[in-house]
Amino acid sequence: EPSKAIVCFYEHDDKFADVIRKPLDYIEDLRRFAGVISPDNSVYRDIPLTAQICNIYRNRAVGSMFQRRGLRVYANIRWGDERTYESNTYGKPIAFLGAPENACVFIGAYGCTRGKDNMKHLKEGINAMINTLFPKTIIIYGPLPKVVLDKYQEKTQIIHFDDWMTYKHKKGGANGGRQ
């Protein structure tokens, strides 16, 4: 039921590119829902810093525009390399500019836990986010080891949802849970 659901953009960027390009075209449709999570634009560490900043900006700009049009918007927090979550060039790290403090925020962790380097940046980014935004609640979509979740539970409330593929496999494998 739409009035009890929150819309998220945890898909490949090309799947929601039209929402980024023409957000006003989607306002009336999104009004049917209880809320919207700001778009999860990719912020790859191997793209130039300017492109990382651009995608963080797009997330905040579209979320802000939705909010100004009366939608309930939850901030999705995404960072790239350490320059986006450690740099104080702009007063606080770029990844957290325009994001609410002491609020509920969302993180898409899908694709962020494969390999030691990815896990390192995910942990460091979460730490920096907690120490900058002081979120009351972090809702995480995607795989995250329990040991990581437990570490942050001491600082804030964490709610974790498996990504769709993990959920399907837990329900009984590729056949969607049927035995």
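## Exercises on a predicted parallel sheet and a pocket

By class, six nonpolar, six polar and one charged residues make up the lining of the second largest pocket. Here Ala, Val, Leu, Ile, Met, Phe, Trp, Tyr, Cys and Pro are nonpolar, Asp, Glu, Lys and Arg charged, and the others, Gly among them, polar. The model is predicted, with pLDDT of at least 70 required for local features and 80 or more for side-chain atom pairs, while totals for chains, interfaces and linings use all residues. Residues are numbered from 1 along each chain as its sequence is written, and side-chain values use heavy atoms, without hydrogens and water.

**Exercise 1.** Determine the order of the strands in the open sheet and identify its edge strands.

*Solution.* 
Step 1. The open sheet consists of six strands in the order 1-2-3-4-5-6, with parallel pairing. Strands (E, at least two residues) and helices (H or I, at least four) are DSSP runs numbered from the N terminus, and a pair requires at least two DSSP bridges.
Step 2. Strand 1 (6-7) and strand 6 each pair on one side only and are therefore the edge strands.

**Exercise 2.** Describe the surroundings of strand 3 in the sheet, including the burial of its residues.

*Solution.* 
Step 1. Strand 3 (73-76) is joined by two bridges to strand 2 (residues 35-37), in parallel; within this pairing Val36 stands opposite Val73.
Step 2. Two bridges also join strand 3 to strand 4, again in parallel, and Asn76 has Phe106 of strand 4 as its bridge partner.
Step 3. In a regular strand, side chains alternate between the two faces of the sheet. In strand 3, Val73 and Ala75 point one way, and Tyr74 and Asn76 the other. All four are buried, that is, under 20% relative accessible area with a 1.4 Å probe and protein chains only (exposed: over 50%; partly exposed: in between).
Step 4. Strand 2, helix 3 and strand 3 form a right-handed β-α-β unit: with the strands pointing away from the viewer, the path over the helix runs clockwise.
Step 5. Pro48 lies in the loop between strand 2 and helix 3, and its 53% relative accessibility makes it exposed. Its C-alpha is 9.9 Å from that of Asp81, although the two are 33 residues apart in sequence.

**Exercise 3.** State the volume of the second largest pocket and the elements that line it.

*Solution.* 
Step 1. The volume is about 240 Å³. Of the 13 lining residues, Gln67, Val73, Tyr74, Ala75 and Pro100 are closest to the centre. A pocket is an open set of points on a 1 Å grid over the protein atoms alone where a 1.4 Å probe fits, with protein on both sides within 12 Å along at least five of seven lines; lining residues have an atom within 4 Å of a point. Points are joined across faces, edges and corners, and volume is the space filled by probe spheres set on them.
Step 2. Helix 3 (49-68) and strand 3 each supply at least two lining residues; helix 3 gives the most, with five.
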